[in-house]
Amino acid sequence: MHRCLFLFTIMAFLCAVPASAQGILPASFAGWTSNSLAGIPAPVIHNGDHVASMVASQQAAARQEYGFVSGEQAAYSRDNQEMQVTLYRMKDPSGAYGMYSYLRSPDMPQAEVTDHSAMSRDRALVLDGDLVLDIRGADLQRLRNDLNALVAAVNPKAQQGPLPTISEHLPRKGFIERSDKYILGPVTLNQFFPVNSNDWLGFDRGAEAEVARYREDGRELNLLLADFPTPQTAQKKLAQLQQDYHVNAPVTDPNGSPIFARRSITLLAIVSGARTPEEANKLLDQIQSGTEVTWNEPTFQFKEPPITTMIVGAIIGTGVICCFALISGLAFGGFRLVVKRWLPDKVFDRSSQMQVLQLGLGSKPINSEDFYGIERRPSK
């Protein structure tokens, strides 16, 4: 009995996992109805088709590096129109932003669906928190209101959060629009900035990168901008690149592909495609980190006063305190005497509530009224 219950629990859990992964895309929106809804299958590798196999492998590696969690695919129809929607859920908004930049092609200008959305005639990409929507259909620009309805349907299930800011440091002069890609792994980096297939940049040490293409003097340059956790890590990485890949070395081969790099605090900028250091510096000179660290900033300097000034100050301070104590004592004592004079035995030292400790050294009893000169009336 217990064994059957255990197997039933395992089967229910396995069935619940794909069900939870396929519960984001709506069954219908703005008149569109889903014909099929399924999870994203594994990349299909076509036998004999090396290009298709390589593309599928690269996309699978990119999804893994950006933190792919789950996905859905759905086909919608309305009247004679069809639309295919692929949804990617990533581990966080940063990974979703990277996946969005990876999937975006240069022919997809900025759209007005969300802050980060792009659209061509037959394809649209939308970033919403940790979700990425890849929409394909005919004449999507006419269906902007329908796309807004689709995004509104999935938005409540999106996890919002801050997006990477490294792209803010990219120079604007000569920038090729929509060529920037946010990178979080070596496989994706090798697709857009090929140097080595291993983790030569240091993603395992917390690095994040942005690659972009620029056009300078008729030549196309590739810029890699990497951000490291500390300036020391960035400096160590630059020294390692100079040793392993001869970065910033004198150009001896006119047909070679030299690499030039420069560090700015935690940022490491690397340029390929330039023939001379002067060409690379035109791009590197535009990169500035948002933080400036200097060793020659003016600081406050404390100067100790002379000993005579300290002694005089101590005497004056002590005199002020003594005067304050004397004036306060006289004021309190005078107030107490006036109250006892005008209101005897009413406020202070009331005989009905005052007790006097007697040592018994004399024969005369001690009376509290004797201390204040209160004349005792003889009893009748």
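The model is predicted.

Searching the whole structure for cavities of 30 Å³ or more turns up one. The largest cavity holds about 30 Å³ of space. Which residues line the largest cavity? They are Phe-193, Val-195, Trp-200, Leu-241, Tyr-245, Val-247, Ile-259 and Ile-270. By class, the lining has eight nonpolar residues, with no polar and no charged ones.

Leu-267, Ala-269 and Val-271 point one way. Leu-268, Ile-270 and Ser-272 point the other way. The residues of both sets are buried.

Now look at the partners of strand 12. Strand 10, residues 219–227, pairs with strand 12 in the antiparallel sense over six bridges. Here Leu-225 stands opposite Ala-269. Strand 11, residues 259–264, also runs antiparallel to strand 12, and six bridges join them. Strands 11 and 12 form a hairpin with two residues between the strands. In that hairpin Ile-265 takes a positive phi near 60°.

Next come the rings. The count of aromatic pairs comes to eight. One of them joins Trp-200 and Tyr-245, with ring centres 6.1 Å apart. Why is this pair called edge-to-face? The planes of the two rings stand at 65°, and an angle over 60 counts as edge-to-face. The pair links distant parts of the chain, 45 residues apart. Trp-200 sits in the loop between helix 5 (186–192) and strand 9 (208–216). Tyr-245 sits in the loop between helix 6 (231–244) and strand 11.

The cut-off for buried is under 20%. Tyr-245 has 25% relative accessibility, so Tyr-245 counts as partly exposed.

Tyr-66, Tyr-102 and Phe-192 form one aromatic cluster. The ring of Phe-68 has a charged neighbour: the charged end of Arg-63 sits over the ring, 5.4 Å from its centre.

Methods: Residues are numbered from 1 along each chain as its sequence is written. This is a predicted model: local features need pLDDT of at least 70, side-chain atom pairs count only at pLDDT 80 or more; totals for chains, interfaces and linings use all residues. Side-chain values use heavy atoms; hydrogens and water are left out. On a 1 Å grid over the protein atoms alone, a cavity is a set of points where a 1.4 Å probe fits but cannot get out, and a pocket is an open set with protein on both sides within 12 Å along at least five of seven lines; lining residues have an atom within 4 Å of a point. Grid points are joined across faces, edges and corners, and a volume is the space filled by probe spheres set on the points. Ala, Val, Leu, Ile, Met, Phe, Trp, Tyr, Cys and Pro count as nonpolar, Asp, Glu, Lys and Arg as charged, and the others, Gly among them, as polar. Buried means under 20% relative accessible area, exposed over 50%, partly exposed in between (1.4 Å probe, protein chains only). Helices (H or I, at least four residues) and strands (E, at least two) are DSSP runs, numbered from the N terminus. Two strands pair if DSSP finds at least two bridges between them. Rings of Phe, Tyr and Trp (its six-membered ring) pair if their centres lie within 6.5 Å; planes under 30 degrees apart count as stacked, over 60 as edge-to-face and the rest as tilted. A charge sits over a ring if NZ of Lys or CZ of Arg is within 6 Å of the ring centre and within 35 degrees of the ring normal.
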